[in-house]
Amino acid sequence: QVELVESGGGLVQSGGSLRVSCTMSGGSFTNYAMAWFRQAPGKERDFVAGISQIGRTTAYANSVKGRFTISRDNAKKTVYLQMNSLKPEDTAVYYCAAKASASGTFDSGYAYWGQGTQVTVSS
């Protein structure tokens with residue numbers, strides 16, 4: 001079965017940078033589109049960024065466009081989210097997600113989820 005494990009979260013000052021990672025085990029990584037979601041306390045889980053199976057196509061929430069970059073290293077079975085120019089409103093638990101289907105939209109339909117990694121941005 002597919003397992004996703006996130007890492008790289010932490011505390012960073014506003015304007016700083018952080019990279020979170022998600023590594024897959026138990027699945028054929030290139031069969032899956034990957035995405036990052038985030039959830040702040042008391043708020044809904046929101047789509048952040050998605051990437052197609054071989055990385056040809058990416059999608060971003062408007063709130064992070066120009067600041068965040070999603071990428072994948074298929075040899076390492078890892079998807080990354082590089083977060084630059086971080087803002088306090090980026091504070092959330094960041095979740096990695098995977099789906100095998102190439103159809104549909106990037107912001108929904110994910111079957112597998114990691115446990116999340118906390119990103120805290122201080123003002």
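Is Y32 buried or exposed, and what is its relative accessible area? In this predicted model, local features require pLDDT of at least 70 and side-chain atom pairs count only at pLDDT 80 or more, whereas totals for chains, interfaces and linings use all residues. Residues are numbered from 1 along each chain as its sequence is written, and side-chain values use heavy atoms, with hydrogens and water left out.

Y32 is buried, at a relative accessible area of 10% (buried: under 20%; exposed: over 50%; partly exposed: in between; 1.4 Å probe, protein chains only). Five aromatic pairs were counted, where rings of Phe, Tyr and Trp (its six-membered ring) pair if their centres lie within 6.5 Å, with planes under 30 degrees apart taken as stacked, over 60 as edge-to-face and the rest as tilted. One of these pairs joins Y32 and Y112 edge-to-face, at 6.0 Å centre to centre and 75° between the planes. Because Y32 belongs to the loop between β3 (18–25) and β4 (33–39) and Y112 to strand β10 (residues 112–113), this contact ties together parts 80 residues apart in sequence; strands are DSSP runs (E, at least two residues) numbered from the N terminus. Y112 is partly exposed, with a relative accessible area of 31%.

The pair Y110 and W113 is edge-to-face, with ring centres 6.3 Å apart and planes at 70°. Y110 is buried at 9% relative accessible area, while W113 is partly exposed at 28%.

The charged end of R45 sits over the ring of F37, 5.5 Å from its centre (criterion: NZ of Lys or CZ of Arg within 6 Å of the ring centre and within 35 degrees of the ring normal). The charged end of R72 likewise sits over the ring of F29, at 4.2 Å from the ring centre.

Methods: Helices (H or I, at least four residues) and strands (E, at least two) are DSSP runs, numbered from the N terminus.
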